[in-house]
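Me: I would like to go through this structure slowly, beginning with the contact between two chains. Could you take my questions in turn?

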Amino acid sequence: MASLTSDAEHCQTYNAASFSPIRLPMKLPRVSVAFLVFLLGCLLSTARIVWDAPMPSLQPDSKLGVGRRSDRRFAALRASLPQRGVTGYLGESGAAALGDYYLAQYALAPLVVDHSVNHALVVGNFPSSTGGAPAALPSDHLQLVQDFGDGVLLFANKGAN
Amino acid sequence: MGLILPAVVCFALGFLLVSLGWSRQGSLLPDLLLRASLAVGYGLGVFSVTFFLARVCRVGNLMLVDLLVLGLLTAALLLAARASRAAPGLTGSETRSHTSPAWLQRVLTGAFVIALCGALYSGLLRLRAYPHGDGWDAFAIWNLHARFLFRGGPHWRDGFTALIPWSHPDYPLLLPATIAHFWTYLGRDDPRVPASIGFCFTFATVGVLYSALSILRGRARAMLGASALLATPSFIEQGVWQYADIPLSFFYLATIVLLCLHDEGTWDASSQPTAGLLALGGVAAGFAAWTKNEGVLFLGAIIFARQVISIRDARRASPQRPKIAFTRHSGLLLAGSAPVFLLVIYFKHWIAPPGDLFSDPSSMLHKVLNLTRYGAIINWYVKDFFRFGHWLLIPGSLLLAGVYFVAGIEDRDAARPGFRTSVLALVLTLAGYFAVYLITPYDIYWHLRFSLGRLFLQLWPATVFLSFLRVRGFDRRFAEKA
C-alpha cells in the first residue's frame, strides 16, 4: 500500500470503526486499494483453478472410472437379474471394497443390493480376482450360478428364506 | 430431440415462475440477467417437483404435465400483468450513483473477465473429464436416487429403503428428480445430464450474485463479488462434480437476494410493497429444503429471523426507520415456501426411512454435555474459516474481511431489514450446523473433516453478496478526484 501513497495528495475516506471522516495521505482512495488487493487475491486463485484443471487430452471418466467399473462390468449380470427386488452382495475386503459395492449398486439400480449374503441371489464382485469364485465362501449354502467374467459372479443361496 | 427441448421447457418454466413474482421496475439488462439466472434454478426446481408429483400420482406422460404447468404459469402471468397495470410495482434502487473511476472500472472488468474465463475453462474441462463427478456423492447418492426414480418406473420407491443407508435415502429429491425428468425426455440415463445440471447451478449462482449486486450497488461491486465466487476453487470444482452444496448455495443466495431487493425497493421508493419478490424468496427457501436437509434449517432460520427483526424494528420505528408490515412479510415467505415444504414433509414422512442424524437419541444428551466436543467444533470452525474454498495463498474469507474493514461500510443506520434478516438467518444456520456436529452419530473429527468446508461453501455466495452490499463503494466525489 505504501507505494500507492503520496504525501502531496490527500483524499477523504472513512474509518470502518468510527464512521467519521478522516483525512489520509493517500493518492488512491482506500476503497480502490482495498478493491485492488481483493482482485489480486482473486486472480491468484483463478490461476490455481486453471492450473488444476484436467488436461484436455485426459480421457473422460479416467479417474474414478464409474462407467468402466460400474455400468460396463455389470451389464451382462444386470440382464440376468430380475427387474426389481433385493439381491445380496459378496465382495472383497479392504478399503477400496466399499467403493466397489457402491458402484455395483449404482449399476444394478433399481434392484436394491444389500451388503449381505442372506438373499436367494447374491452378486459376487471381485475386481482384483483374475478368475472364478474365491476359494473360501462365507456360507456353505452359496453356489455359483454363473461367472460373467471380470470378477463379476452370481451365486444362489440355498439357505436363504 | 436431445437435451435441447427439455432444457428449453425447464428454463421457460423457471422464467415464467420468476416473472410471475417479479414486481420490480428496474433497468432492463441487469433485471433480465437476474431473472434469467434465477430462472435456471427455479426451472430445475419446478422440473423436480413436477417429476416427483407425476411419479406419486402415477402419471406417465411427463411432456403433458410440463405443457400443463407451462400453460397454467402463462395464464397466471397474463392475469397478473393485467392486474399490475393499475398498481405500480417496486422501483429498484439502482438509480443511485455508483460511479467508480474509469481506470478502476477497466481493471475490475479485466479481472472479472479473466476470472470468468478461467472458471469456465476449468469447469468445462472438469465436466468432460469427470462426467460422474470426482467424489462419491454424485453417483452414490444423487445419481443413484435418480436411477431409482427413472429406472424404477412404478416401483421407484424401492430405492428409498433402509437396506442401503449409506446412500442417504432420506435426502430430499430436488437433484435426483430433476435428473430423472431429463432422463425421461432422453429415454436413457445419460451421465451428461447431472454434470450439466451441476455446471448450470454453479454459473447461475454467479449470475444471480453479479446481477443482484449490479442492481443494488453498481457494476464495480458486482464484478468484485462475482470475481470472488469465480475465483473460489472449491466452488467451481464441487459445482461441476455435482455436490448438492452448490445448488443449495444457489437457493440460499436467491432467497436472500429477493429479500434484500424487496426491502431496498420498499425503503427507497416508498412505493406499494408487492408480494411477488417475497413469495419468490419463499419459493427459493422451499427449494433449498427440497435440495438438502440443511435447507430445512435455513428455511426455519430465515422465517424466524424475519420475525425477530420485525419485532425489533416495530419497537424502534421512526421517520428514518419506517415500520414495515413484517408479520405479513414473514407470512409471504412462508406462503411461498409452503408448497415445496409440504412436499418435503410428504417425502420424509411417507417415503423416506428415518435419517441417521437422530439414530441414537440416548447418547445425544451425553454429547451435548461434553465440553470437549464444543472445543473440537470451534477449533474446526476457526481452521476452516481460513481453509475452505482452497484459495491460493490468501484465503477468500480473509480477503473479504480485509476489503470490508479497509474500504469501510456504507452508513450503518441505513442497514435495511432485509440485510439484517439475512445476516441473522446465516448466523442461525451456522449455529444449527454447530448443533448438528454436537449430536452427530459419527466420529466428530471424521464428520468435521469431510463436511465442514462444504457447509461453509453453502453459505459463501450469500456471504459475499451481503458483504458487498455493505462495503463502501465510490460516490461521484471520489470518482472525480480519482
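Me: How many residue pairs are in polar contact across the interface of chain A and chain B?
Reply: This is a predicted model, in which local features need pLDDT of at least 70 and side-chain atom pairs count only at pLDDT 80 or more, while totals for chains, interfaces and linings use all residues. Residues are numbered from 1 along each chain as its sequence is written, chains are lettered from A and ligands numbered from 1 in the order in which they are written, and side-chain values use heavy atoms, leaving out hydrogens and water. A polar contact is a pair of N or O atoms within 3.5 Å; within protein, one must be able to donate a hydrogen and the other to accept it, and residues adjacent in sequence count only if both atoms are side-chain atoms. With both residues at pLDDT 80 or more, the number of pairs across the interface of chain A and chain B is 13.

Me: Which element gives the largest share of the side of chain A that touches chain B?
Reply: Helices (H or I, at least four residues) and strands (E, at least two) are DSSP runs, numbered from the N terminus. Those that give two or more residues to this side of chain A include strand S1 (11-14), helix H2 (66-80) and helix H3 (97-108). The largest share, 19 residues, comes from H1(A).

Me: Which residue of chain A forms a salt bridge with Arg147(B)?
Reply: A salt bridge is a side-chain nitrogen of Lys or Arg within 4 Å of a carboxyl oxygen of Asp or Glu, and the count between chain A and chain B is 2. For Arg147(B), the closest N and O atoms are 2.8 Å apart, and the partner is Asp71(A).

Me: Is Pro461(B) buried or exposed?
Reply: Pro461(B) lies in helix H18 (residues 444-470) of chain B. Not counting residues up to four places away in sequence, Pro461(B) touches (heavy atoms within 4.5 Å) several residues, among them Leu209(B), Phe235(B) and Leu253(B). Buried means under 20% relative accessible area, exposed over 50%, and partly exposed in between (1.4 Å probe, protein chains only). Because its relative accessible area is 0%, Pro461(B) is buried.

Me: Which residue in the turn between S6(A) and S7(A) has a positive phi?
Reply: Two strands pair if DSSP finds at least two bridges between them, and S6 (residues 142-149) and S7 (residues 152-157) of chain A pair in the antiparallel sense over 6 bridges. They form a hairpin with 2 residues between them, and the residue with a positive phi of about 60° is Asp150(A).
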